[in-house]
Amino acid sequence: MSTTAPPKANKAERLLVPATFITNLGNGIQLTAASYLVFTAQNTMLAVSWLMIAVTIPQVALSVYFGKLVDRFDRRTLAVISDLVSGVAAIGLPLWLALGGEPSTVSYVASFVLSISAALFFPASNALIKERIPEARLAKFNGNSEVAIQAGSLASAALGGWVIVWTGVDALFYFNSATFFVSALMLFAIGRRPAGSAGSSAATAAKAAATAAKASGPRPPLARLALLYAIGNIVIITGNSIMLVLVLDAFHSNTGYLGVVDALFGIGALAAPWTFGKLSAKSGLVKTALIGYLVWAVILVTESLHLYAMMAAIPFAGITFCVARIAARTALMKAAPEERTGFVFGATNAFGLAAGTAAVTGISLLVDATKVQYGFYALSALVVVVATATVLALPKSFLAAPAAEAEAGAAPAPAALPADDDADAEVLVAAAAKA
């Protein structure tokens, strides 16, 4: 029995992973610094809430449009443009403050512009990954990428707090601007799409022939796979909010414990790629995502029992959540046709943010009317129901064992979704609009 060694990481992969870390580091620093600036200027939690709204609305409103734009133009160029716009917006904030500008107004404006840029960057970067990373490397890449995302977020929280203490908030904005320019350089260094790739005329003709041959075949269940991935948005948006209330209100602890919780979650996230590799080799991508979400939901309930129970359980929450996130993202990325990847991830981002905002609103009302532990129970139940129902609704071929997945990987890529027949993916757009 002969085995084929998996391909080694190419130049794009070696540059995209650190670029992901730097981008998330910059985004986290920006949010920390802007929140601090707004809160100290107005001294109300409502002011910070308005900042979060300014960050969320553009991404919900524009992600689908930008996703379609990404599928029409060069993905690398659009990702670089997004980073450059973000860098200029970030450096404009401290310069405006130096000229005597009003802190709250400029914070809202800069955050709004950065959010618009992020709405372009998310589909562009994911489509670039689909375009440049071989399918056999997608799972490995997504594992490393998830570590980079979590590491960037944790580093931004730690670095942001200390820099504010040592030098003040202005230094954070300058540093944030620098991260975007460095990320732009890394993306530019990836180079143009190689000749003979999906963008060349020969490959395009071959893809058109394959599409015509499979026009009558089944389409991949993109909306259901996207929903499986979007569960992560609901968890992140809602979980961060109720965790804050649990630590400060229910456990009567100080904010220092929040930093410890973030650090422990990050430690667990570092072990997620290894755990994902072992579990997905036996169960496949979709089942691995379901297992990760279900175990995470059980751990979430445990966290609400006591402060020390939460501290002991949170690393395992980091492992299981990131395992589910890696598996769901890889499954969606493999199923999405390359020429429609931007639209698929743009619609997924819009839906995920809208669903997360709706979930945190409903659970916040529940917490205010009862106690914070009920918020944990509600979020846990929501994840269990949505993840289980989504996986059960998938075709049996997507629940196949890894050996069957490998055979399917040798077959031609899924047929492209016709522009006038994106019914499955359009479900996401309609749901996001309603939310």
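This is a predicted model: local features need pLDDT of at least 70, side-chain atom pairs count only at pLDDT 80 or more; totals for chains, interfaces and linings use all residues.
Trainee: What share of the residues is buried?

Mentor: Of the 435 residues, 49% are buried. Now the surface. The chain exposes about 19,500 Å², and carbon and sulfur atoms supply 69% of that area.

Trainee: What share of the contacts joins residues at least 24 apart?

Mentor: Take contacts between residues at least 6 apart in sequence; 87% of them join residues at least 24 apart.

Trainee: How many salt bridges are there?

Mentor: The general idea is a distance test: a side-chain nitrogen of Lys or Arg within 4 Å of a carboxyl oxygen of Asp or Glu. The count here is four. Take Arg137 and Glu13, whose closest N and O atoms are 2.7 Å apart. This pair links distant parts of the chain, 124 residues apart. Arg137 sits in the loop between helix 4 (103-132) and helix 5 (138-167), Glu13 in helix 1.

Trainee: Is Glu13 buried or exposed?

Mentor: The cut-off for buried is under 20% relative accessible area. Glu13 is at 4%, so it counts as buried. Arg137 is at 12%, so it is buried too.

Trainee: Which residues does Arg75 pair with?

Mentor: One is Asp71, with closest N and O atoms 3.0 Å apart. Another is Glu131, at 3.5 Å, N to O. The Glu131 pair links helix 3, which holds Arg75, to helix 4, across 56 residues. Arg75 is buried at 3%, and Glu131 is buried at 11%. Shared partners join Asp71, Arg75, Glu131 and Arg132 into one network.

Methods: Residues are numbered from 1 along each chain as its sequence is written. Side-chain values use heavy atoms; hydrogens and water are left out. Buried means under 20% relative accessible area, exposed over 50%, partly exposed in between (1.4 Å probe, protein chains only). Contact means heavy atoms within 4.5 Å. Accessible areas come from the Shrake-Rupley method with a 1.4 Å probe; for residues, only the protein chains shown count as cover. Helices (H or I, at least four residues) and strands (E, at least two) are DSSP runs, numbered from the N terminus.
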